[in-house]
There are 2 protein chains.
Amino acid sequence: MFEQLIRQAVNNIKDYTPGKNPSQPGVVKLASNENPFGPSPLALAAIAKEAKNLHIYPDQKSLALRAALAKQLNLHEDNVIIGNGSDEIMQLAAATFLKPGEEVLIPGHTFSLYETFTHLFDGQPVVVDLKDKEQDLAAMAKAITQKTKLIFLCNPHNPTGTMISAANLASFLTSVPENVLVILDEAYVEFADAKDFPNTLALVKELPNVLVLRTFSKYFGLAGLRVGYGLSSTELVKYMFRVKPPFNVNRLAQAGALAALEDKTFLEQTYKNNLKGRDYLFTELDKLGLEYKKTQANFVFIKVKQPADELFLQLMKQGVIVRPLTSFGLPEAIRVSIGTKEQNKKFIQALALQKAQAAG
Amino acid sequence: MFEQLIRQAVNNIKDYTPGKNPSQPGVVKLASNENPFGPSPLALAAIAKEAKNLHIYPDQKSLALRAALAKQLNLHEDNVIIGNGSDEIMQLAAATFLKPGEEVLIPGHTFSLYETFTHLFDGQPVVVDLKDKEQDLAAMAKAITQKTKLIFLCNPHNPTGTMISAANLASFLTSVPENVLVILDEAYVEFADAKDFPNTLALVKELPNVLVLRTFSKYFGLAGLRVGYGLSSTELVKYMFRVKPPFNVNRLAQAGALAALEDKTFLEQTYKNNLKGRDYLFTELDKLGLEYKKTQANFVFIKVKQPADELFLQLMKQGVIVRPLTSFGLPEAIRVSIGTKEQNKKFIQALALQKAQAAG
């Protein structure tokens, strides 16, 4: 009976497809690029300490966390805004800037929420296809029109793991008018080790229309806590603050994230494990003759030459959950998170067994 | 430079004025209607247990919490939606239903976020003034036009503590067309003890256009955790789910709220203390000759015959933080949360001292 009452946006928004969670113990989840070592121990300690204050509303400005991030990143706290996950910063950017009918450039086969929040504020998504599974900045520059308001880039790119180099990004940005906002989603930036990976903190200082998004969900092991942040010019941040709900980030999220920032041992372990796991997976995938993308993130994109949904089910029977990329529009590819040494081995064994069975 | 780029909504939204937090120990905060006994102990235990899973994304549907609420309230889990505070449910309702230019009826001098979310989705707030500090349902019924889409009611009313009776609400609802959504904010419902307070759970079963909002912030002592919920028809809930960001409620919030629901000892203590504190405050305010409203909530609305901002500062000097209602458009009134016995006494002493000084 309410069909006529809802906004058009409600019908335009597609359901989000999450990674599957294990239904029984012993199953390895490599589907959501979560930290295989669990949450940051310093975050857990801070949460335990903060819990006694849970009857009190949180700081609506997340001041302590913003100050700590600003200090670490050599920015001002007024360049920083905290969200209930970096998802919320995307939503705030759309809520602040996107007028009905304005166009939003979005890479093909990417994180689905860019399109969701575009629809939520009646924007027009313009999908610019990938080129060899990489974001095609030349095509994106050509796609800019008078109606373009936002451009989403994802670096490293989810789900392919590919990167936009510093030179390519700089060149692209010269073609973006200053009245177009570029949102650089860097959810996986801490795992990138390429020398020509862009330093976007410098860009934030130079270009007021660049908004960098980062998260505590991956590197810091806090996906379940929902904390992300945006870095941009003070003017842009100031406007986004006006549409931010007052108590969007809860006390434990603020306290946990603040502590995780300083968790050097955990973060170093996370980083090193990821590089080692990446090398291992590349070697084993080569042996199996499977095509994959060199990744700058904590996951690997693999072409599987069969329906990914089918492979997903087969691997799950062997206790490994990966992400079939059907919901990303890539029905013959999977994304597998880089896990611990044991988890990676279990994945490769399951994959090899499945390949042998298919061949035999 | 971005002034031309932002949506009109950004300029329409007013800053939220929160209650002030104590800057030094020993100061009593009675400004935000938080639970004076701290967080629910069972919630704290559940949070401590759940923290080890914080590297894993939360359940995007908050299934366990919805099922527990449904069971307790004798509804179906598809009648329940969980938000990052009940604020978020208000926002989801506007995002789902409010089309540009549609009217939203809002009581005068009320919780400011009703108007904020109306602006966020380009709705037109129509403020219906209070009558003797109570919501004026007759005037509200008259204010309904062809363009009316949402009606916010707050019961008990924040900041006056007054209530809409079951009979008055039922009568009002007969005058609301079925294509208008009535949002009943019951943030304080658990403190209400009036026999004619409405049973809105029955209404949710009868009227598909009624959305009831409740929160874990007050009675359950979890304001810092950010959990609220909406109760409505399965159809309305289904549409709101479409615009809900996937991971809006974090793991600790889901686990803590679930446990708090069962914390009978804590909840009983909270309820009884509130009634006792209410009686005490009424008696003492009578002695001081101050006018106040009979409250159904965990706070008392007091007319102070002087600028509330001034009184707020004077009381703060004596270690008591109250809420001056200037930001509610009531510059000569304060709202004071009902605290523990000792906190209430400290407030009354501070108020009496200030009154004596003013007189002398």
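In what order do the three strands of the open sheet in chain A stand, and is the pairing parallel or antiparallel?

Mentor: Happy to. First, this is a predicted model, in which local features need pLDDT of at least 70 and side-chain atom pairs count only at pLDDT 80 or more, while totals for chains, interfaces and linings use all residues. Residues are numbered from 1 along each chain as its sequence is written, and chains are lettered from A and ligands numbered from 1 in the order in which they are written.

The order in chain A is β9-β12-β11, with antiparallel pairing. β9 (299–303) and β11 (323–324) of chain A are the edge strands, each with a single partner, so one side of each has no neighbour in the sheet. Strands here are DSSP runs of E with at least two residues, helices are runs of H or I with at least four, and both are numbered from the N terminus. Two strands pair if DSSP finds at least two bridges between them. β11(A) and β12 (residues 333–337) of chain A are joined by two bridges and run antiparallel; across this pairing, A:Arg323 has A:Arg335 as its bridge partner in β12(A).

Chain B has an open sheet of three strands too, in the order β9-β12-β11 and antiparallel. Its edge strands are β9 (299–303) and β11 (323–324) of chain B, each pairing on one side only. Five bridges connect β9(B) with β12 (residues 333–337) of chain B, and B:Phe299 is opposite B:Ser337 in β12(B).

Now for a helix pair in chain A. α12 (residues 308–317) and α13 (residues 341–359) of chain A pack at about 115°, with axes 10 Å apart. Those axes are lines fitted to C-alpha atoms, for helices over the stretch in contact, and angles run from 0 to 180 degrees between N-to-C directions. From α12(A), A:Leu311, A:Gln314 and A:Leu315 meet A:Ala350, A:Leu351 and A:Gln354 of α13(A). Contact means that C-beta atoms, placed from the backbone, lie within 7 Å. By class, this helix contact has four nonpolar, two polar and no charged residues. Ala, Val, Leu, Ile, Met, Phe, Trp, Tyr, Cys and Pro count as nonpolar, Asp, Glu, Lys and Arg as charged, and the others, Gly among them, as polar.

Finally, the two chains meet: 58 residues of chain B are in contact with 58 residues of chain A. On the chain B side, α4(B) gives the most, with six residues, and the residues of that side divide into 32 nonpolar, 16 polar and 10 charged.
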